[in-house]
Amino acid sequence: MVNEKMNKLFTPYQLGPITLRNRIIRSAAFENMARANAPTQMLEDYHVSVAHGGVGMTTVAYCAVDLSGVSFDGQLYVRPEALPGLKKLTDAVHAEGAKVSIQLGHCGNMTHYATCHCMPVSADTGFNLYSPTLHRRLKVSEIKTIVKHFGEAVDFCREAGFDCVEIHAGHAYLISQFISPRTNHRHDEYGGSFENRVRFMNEVLDEVMAHAGNDMAVVVKTNMFDDCWHGSDIEEGIKIAKEIAKHKVHGIVLSGGSVSRSPMTILRSAMPIKTLAHYMPGNMWWLKAALHIPFVGAIMTPTQPFKELYFMEYAKRFQQEIKDVPLIYVGGVQSGDNCQTIMDEGFELFQIAHVLIKDPDFVKHIQENIHYHAGCGRSNYCVGRMYSKEMKCHECVERDGEKIPNCLKREIAKLEKNAKEAQEKYRKS
């Protein structure tokens with residue numbers, strides 16, 4: 001039975017115009033379960049499984065507001081053809097008693113011509129080594145068009161049956177490419193000063209809130225810090241969050257890191273390089289070859305030691321500064337005890353992903369036993385796999401009868417051992 005101290009966790013929460021049955025949200029971790037940028041039965045089944053497992057709301061990951069903002073064929077983008085499949089998904093999640101959100105964004109320079117069918121765009125012209133691709137600077141007229149697309153995407157999501165949208169303003173995607181001084185070298189009204197660098201974000205949020213009206217909840221994912229050279233630090237991260245709060249959004253998700261420069265800040269532990277290379281498609285032979293060169297993978301994705309609730313100390317700093325918008329914690333939730341800590345620290349809501357990849361019934365388990373630990377070893381096998389195949393825990397892969405090569409099993413064991421040792425070292429410090 002649920003400990004009395006855990007009652008808050010399983011009480012309803014009013015998120016703007018919608019009511020969640022509890023305080024737990026499945027975060028917008030990329031599933032790679034769309035095909036040809038369209039929803040699939042696999043995508044629906046996964047979100048239904050976590051809804052059945054007890055979350056208050058599940059979030060469908062990364063839906064681009066237009067085709068130019070797509071970075072993978074396994075992602076969605078806003079178009080009429082996707083509506084029937086998404087409506088079927090939202091109806092199925094609602095039947096399980098959960099609310100359903102969808103993350104809206106634009107990847108900017110994190111794509112290729114073959115995927116987005118145009119030259120990748122960003123705040124400025126340059127070369128993204130991590131895609132890799134040349135990208136061009138957006139014209140002011142094009143910026144205005146993308147802003148309009150964000151608003152139209154909210155209407156699309158309402159029609160598809162979603163209760164909430166999450167605007168992705170972090171992780172070095174387009175909005176944060178404008179915000180970060182590392183990627184924005186413009187000299188017009190969208191570059192230079194802090195006020196200019198956040199102008200695009202503010203215009204997007206004005207448009208989104210106007211379209212959300214009084215029946216759609218809106219949350220925004222932002223970086224507390226970029227954790228890369230010449231990126232936004234935590235002091236600027238607080239200023240960014242305060243700008244977001246001015247729009248009277250219904251929640252701010254506090255994350256950090258950059259998918260191109262510091263991905264393990266977001267994920268923690270190490271990137272499983274052998275797994276990443278193994279599942280990578282043959283047309284990316286050049287990257288597969290590079291990953292087999294010693295130390296290349298470690299240079300591209302440097303390890304960040306894992307500890308449970310790894311963003312907590314930073315999130316508490318934001319808590320001291322921002323009082324008028326609910327702050328949503330995310331990062332390193334592994335157990336019922338972690339959930340209790342988040343509640344005790346005064347956060348009303350939090351997001352989880354890794355544990356739900358391994359165990360969609362995680363919420364039901366902590367309802368029965370507050371000390372339940374999901375046992376996720378943080379090898380990040382699911383991450384190494386998800387850029388080429390559907391997101392899946394190695395335990396689920398083997399349970400479903402798919403073979404994992406022995407070399408990958410050895411990598412998983414090594415990385416899980418390292419993550420466990422890092423966590424133990426943290427506990428003793």
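Disulfides are the opening topic: this predicted model holds 0 of them, a disulfide being a pair of cysteine sulfur atoms within 2.5 Å. C116 is in no disulfide, and the nearest cysteine sulfur, that of C118, is 3.7 Å away. C116 is buried, at a relative accessible area of 2%; buried means under 20% relative accessible area, exposed over 50%, and partly exposed in between, with a 1.4 Å probe and protein chains only. C164 is likewise in no disulfide, with the sulfur of C157 as its nearest cysteine sulfur, 9.7 Å away. C164 is also buried, its relative accessibility being 0%.

A word on conventions. Residues are numbered from 1 along each chain as its sequence is written, and side-chain values use heavy atoms, with hydrogens and water left out. As the model is predicted, local features need pLDDT of at least 70 and side-chain atom pairs count only at pLDDT 80 or more, whereas totals for chains, interfaces and linings use all residues.

I turn to the nonpolar cores, each a set of buried Ala, Val, Leu, Ile, Met, Phe, Trp, Tyr and Cys residues joined through side-chain atoms within 4.5 Å. The largest has 114 residues, of which V165, I167, F200, Y329, F350 and F362 touch the most other members. Helix α4, residues 140-159, supplies the largest share of this core, 8 residues. Helices (H or I, at least four residues) and strands (E, at least two) are DSSP runs, numbered from the N terminus. Leaving aside residues up to four places away in sequence, V165 touches S101, I102, L104, V154, C157, V208, M216, A217, V218 and V219, where contact means heavy atoms within 4.5 Å. A second, separate core has 13 residues, including Y13, L20, I25 and V330.

Next, the strands. Two strands pair if DSSP finds at least two bridges between them. Strand β9, residues 133-137, pairs with β7, residues 121-122, in the parallel sense over 2 bridges, and V121 has R136 as its bridge partner in β9. With β8, residues 126-128, β9 pairs in the antiparallel sense over 3 bridges. There, G126 stands opposite H135, and a hairpin of 4 residues joins β8 to β9.

Finally, what surrounds T59? This residue lies in strand β4, residues 57-64, and is buried, with a relative accessible area of 1%. Beyond four places in sequence, T59 touches I25, R26, S27, A28, E31, H47, S101, I102, Q103 and E166. A polar atom of the T59 side chain lies 2.8 Å from the backbone oxygen of R26.

Notes. A polar contact is a pair of N or O atoms within 3.5 Å; within protein, one must be able to donate a hydrogen and the other to accept it, and residues adjacent in sequence count only if both atoms are side-chain atoms.
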